[in-house]
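Please look over the sequence and the structure before reading on.

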Amino acid sequence: MYAAIDITINEAEFDYYLQSNKYFAQKLRQAGKNVEEVFYKGMDHGFLDRSGSCNQSEDLLQLIASEINNN
């Protein structure tokens with residue numbers, strides 16, 4: 001089993017989990033993890049469902065694919 005070294009957290013501006021995500025990222029940093037927070041302005045929770053009609057969704061899909069391919 002391999003420990004996660006780098007962690008990417010995707011956040012939407014109007015996501016009701018935004019504050020929880022930020023708190024989680026802070027705790028991970030305190031635990032010594034490298035954390036990247038990617039912020040999607042104007043988006044709400046679940047915006048990935050809008051792929052094909054929303055540029056931010058397409059960007060997030062590319063980011064996810066890149067993360068998978070690099071790990």
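## Salt bridges

The count of salt bridges comes to 4. The model is predicted, and the values below are computed from it.

One of these bridges joins Glu11 and Lys22, with the closest N and O atoms 3.2 Å apart. Glu11 belongs to strand β1 (residues 6-14) and Lys22 to helix α1 (residues 18-30), so this bridge ties together parts that are 11 residues apart in sequence. Glu11 counts as buried because its relative accessibility is 1%. Lys22, at 34% relative accessibility, counts as partly exposed.

Lys22 also meets Glu37 in a salt bridge, at 3.6 Å from N to O. Glu37 lies in strand β2, so the pair links that strand to helix α1 across 15 residues of sequence. The relative accessibility of Glu37 is 27%, and Glu37 therefore counts as partly exposed. Glu11, Lys22, Arg29 and Glu37 are linked in a network of salt bridges.

Asp44 and Arg50 form a further salt bridge, in which the closest N and O atoms are 2.4 Å apart. Asp44 is partly exposed, with a relative accessible area of 31%. Arg50 is partly exposed as well, at 32% relative accessibility.

## Overall layout

The chain has 2 helices and 2 strands, and along the sequence they follow the pattern β-α-β-α. Its C-alpha atoms fill a box of roughly 35 × 30 × 15 Å, taken along the principal axes. Among contacts between residues at least 6 apart in sequence, 53% join residues at least 24 apart.

Of the 71 residues, 24% count as buried. The chain exposes about 5300 Å², and carbon and sulfur atoms supply 51% of that area.

## Nonpolar cores

In soluble globular proteins, nonpolar side chains tend to be buried together. Which residues make up the largest nonpolar core here? It has 7 residues in all: Ala12, Val38, Tyr40, Met43, Phe47, Cys54 and Leu60. Strand β2 (residues 34-44) gives the most to this core, with 3 residues. Another core, of 5 residues, lies apart from it and has Ile9, Ala25, Leu28 and Val35 among its members.

Tyr40, a member of the largest core, is buried at 4% relative accessibility. Beyond its neighbours within four places in sequence, Tyr40 is in contact with Asn10, Glu11, Ala12, Glu13, Phe47, Gln56, Asp59, Leu60 and Leu63.

Not counting residues up to four places away in sequence, Ile9 touches Asn21, Phe24, Ala25, Leu28, Val35, Glu36, Glu37 and Val38. Ile9 and Lys22 are 13 residues apart along the chain, and their C-alpha atoms are separated by 8.7 Å.

## Aromatic pairs

How many aromatic pairs does a search of the whole structure find? The search finds 2 aromatic pairs. Tyr16 and Tyr17 form a tilted pair, at 4.9 Å centre to centre and with 55 degrees between the planes. Tyr16 counts as exposed, at 63% relative accessibility, and Tyr17 counts as partly exposed, at 42%.

Tyr40 and Phe47 form a tilted pair with a centre-to-centre distance of 5.1 Å and 50 degrees between the planes. Is Phe47 buried or exposed? Phe47 has a relative accessible area of 5% and is buried. Tyr40 is also buried, and both residues of this pair are listed in the largest nonpolar core.

## A nonpolar surface patch

Leu61, Ile64 and Ile68 make a nonpolar surface patch of about 250 Å². Ile68 is found in helix α2 (residues 55-70). Why does Ile68 count as exposed? Its relative accessibility is 59%, and exposed means over 50% relative accessible area.

How values were computed:
Residues are numbered from 1 along each chain as its sequence is written. This is a predicted model: local features need pLDDT of at least 70, side-chain atom pairs count only at pLDDT 80 or more; totals for chains, interfaces and linings use all residues. Side-chain values use heavy atoms; hydrogens and water are left out. Patches are made of residues with over 30% relative accessible area and no salt bridge: like charges are joined within 9 Å, nonpolar side chains (Val, Leu, Ile, Met, Phe, Trp, Tyr) within 5 Å. Accessible areas come from the Shrake-Rupley method with a 1.4 Å probe; for residues, only the protein chains shown count as cover. A salt bridge is a side-chain nitrogen of Lys or Arg within 4 Å of a carboxyl oxygen of Asp or Glu. Helices (H or I, at least four residues) and strands (E, at least two) are DSSP runs, numbered from the N terminus. Buried means under 20% relative accessible area, exposed over 50%, partly exposed in between (1.4 Å probe, protein chains only). Rings of Phe, Tyr and Trp (its six-membered ring) pair if their centres lie within 6.5 Å; planes under 30 degrees apart count as stacked, over 60 as edge-to-face and the rest as tilted. A nonpolar core is a set of buried Ala, Val, Leu, Ile, Met, Phe, Trp, Tyr and Cys residues joined through side-chain atoms within 4.5 Å. Contact means heavy atoms within 4.5 Å.
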